[in-house]
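Subject: Handover of a structure and its findings

Dear colleague,

Please find below the structure that I am handing over to you. A summary of what was found in it comes after the sequence and coordinates.

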Amino acid sequence: MFFPIRDDNPRSGLPVVTIALIAVNTLVHVYQSLLSAPRAALFVRAAGAIPLEITTLTDIVRFPDQPPALLPIPLTIITAMFVHGGWMHLIGNMWYLWLFGDNVEDSMGRWRFLLFYVLTGLVASGVQIASDPTSIVPTVGASGAIAGVLGGYLLQFPRARVHTLLVIFIFIQVIHVPAMVILGLWFVLQVVQGLMQGNLGGVAWFAHIGGFVAGMLLIKLFVRRPRVPRDPPSGTWN
């Protein structure tokens, strides 16, 4: 098992959007955790993206007390990005977002990064829904969008050193590896798990795969181009 701790990749400013996304996700989960268990389950169904609802544009009401979707059915793909299945689910996602999102935001600027995050999250949800379009299990979590951030980071900063906790039985060691290794290994694990488990086990493996690939494909469109100084007009002296 491996777990990234930090990277040696300085940023130039405060990652405002990354911090805001972490704050919103956390506040939503705090609200969810204050609900009773039955109400929390209903909240997840109302805010989550249910594949059969998305593909049929039908609000499925299976129980008399089940609330309708919080927004028009297609928009639950967005609300689902801010709902998590538990504290460990939230903390794991937010840690990866904090660790890798700040540098990706720094390379794009705030509004470009926000758009990039949402777009890769939408692609991730689309791939997950396409993998099991008749499922009535709500898909929730920010991991698809965060996978997009990881894919973007991989292409933008492939050689950045990532301090990683490696645990093999009783062997525990912090190693320093390039981002291309740790994130490439992460992606391979998602593909292997997706092929082996499919949509069993409660993890949206195909959302991770779709988001990561979307991040790799879109990163170059969102990174800010460096300004190239113009040559002074001929005959001008400094």
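Predicted model: local features only at pLDDT ≥ 70, side-chain atom pairs only at ≥ 80, totals over all residues.

Residues are numbered from 1 along each chain as its sequence is written, and side-chain values use heavy atoms, with hydrogens and water left out.

The protein chain holds nine helices and three strands (DSSP runs numbered from the N terminus: H or I of at least four residues for helices, E of at least two for strands). Their order along the sequence is β-α-α-α-α-α-α-α-β-β-α-α. Of the 238 residues, 45% are buried (under 20% relative accessible area; exposed is over 50% and partly exposed in between, with a 1.4 Å probe and protein chains only). Among contacts (heavy atoms within 4.5 Å) between residues at least 6 apart in sequence, 76% join residues at least 24 apart.

Buried residues in α6 include F113, F116, Y117, T120 and G121. Their cover includes α1 (16–34), α5 (87–108) and α9 (205–222).

The largest pocket contains about 1200 Å³ of space. A pocket here is an open set of points on a 1 Å grid over the protein atoms alone, where a 1.4 Å probe fits, with protein on both sides within 12 Å along at least five of seven lines; lining residues have an atom within 4 Å of a point. Its lining has 44 residues, of which H89, S143, V203, A204 and H208 are the closest to the centre. Elements giving two or more residues to this lining are β1 (2–7), α5, α6, α7, α8 (179–197) and α9.

Two loop residues complete the account. L57, in the loop between α3 and α4, has a positive phi of about 55° although it is not a glycine. L57 counts as exposed, at 58% relative accessibility. M81, in the loop between α4 and α5, is buried, with a relative accessible area of 3%. The C-alpha atoms of M81 and A142 are separated by 4.5 Å, although these residues are 61 apart along the chain. Leaving aside neighbours within four places in sequence, M81 contacts N25, V118, G121, L122, G141 and A142.

How values were computed
Points joined across faces, edges and corners; volume = space filled by probe spheres on them.
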